[in-house]
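Biologist: I have a model open on my screen and would like to learn how to read it. Could you walk me through it, one feature at a time?

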Amino acid sequence: MDIVFIEDLRIDAVIGIYDWERRVRQTLSFDIEMAFDNTIPAASDDIALTLNYKDVSKRLIDYVGASSFGLVETLAERCAAIIREEFGVSWVRLKLSKPGAVRGAKSVGVRIERGTRPQ
């Protein structure tokens, strides 16, 4: 199985359950791993045959930037669904981090896996 990844994609969004969080934009960090067979694009050297990480990143930047969820869990689920449904990814592992949300911790958040991981 091949993995296409995006590491530390930073996106500002309204996220959180507290009143003060609803009035500010916070920077979120995404680490994403996506199963994809890279043998076909590698053989042809054709970007049109790839899982284009720039396209995935832009889609998530647009979606997350316009979103306003209370829970990081909800946002993570929606982002994983976008990746699977719109980009034809059979398996995704997504880590959504909220840097600085808890005093003393570098970051907090969730890591989810959705779909069937190919062997």
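Biologist: Which helices each supply at least two residues of the lining of the largest pocket?

Modeller: Rolling a probe the size of a water molecule over the atoms shows where empty space is left. Here, α1 (19-22) and α4 each give at least two residues to the lining of the largest pocket. A pocket is an open set of points on a 1 Å grid over the protein atoms alone, where a 1.4 Å probe fits, with protein on both sides within 12 Å along at least five of seven lines; lining residues have an atom within 4 Å of a point. Helices (H or I, at least four residues) and strands (E, at least two) are DSSP runs, numbered from the N terminus. Bear in mind that this is a predicted model, where local features need pLDDT of at least 70 and side-chain atom pairs count only at pLDDT 80 or more, while totals for chains, interfaces and linings use all residues. Residues are numbered from 1 along each chain as its sequence is written, and side-chain values use heavy atoms, with hydrogens and water left out.

Biologist: What volume does the largest pocket have?

Modeller: About 170 Å³, taken as the space filled by probe spheres set on the points, which are joined across faces, edges and corners. There are 13 lining residues, and G16, I17, Y18, E21 and K98 are the closest to the centre.

Biologist: How many salt bridges does a search of the whole structure find?

Modeller: Side chains of opposite charge can pair when their charged atoms come close. The search finds seven salt bridges (a side-chain nitrogen of Lys or Arg within 4 Å of a carboxyl oxygen of Asp or Glu). In one of them, R93 meets E33 at 3.2 Å, N to O. R93 is in strand β4 (residues 91-99) and E33 in strand β2 (residues 26-35), so this pair ties together parts 60 residues apart in sequence.

Biologist: What about R59, which partner does it have in a salt bridge?

Modeller: E86, with the closest N and O atoms 2.7 Å apart. R59 sits in helix α3 (residues 53-66) and E86 in helix α4 (residues 72-87), so parts 27 residues apart in sequence are tied together.

Biologist: Is R59 buried, partly exposed or exposed?

Modeller: Buried means under 20% relative accessible area, exposed over 50%, and partly exposed in between (1.4 Å probe, protein chains only). R59 is partly exposed at 27%, and E86 is partly exposed at 44%.
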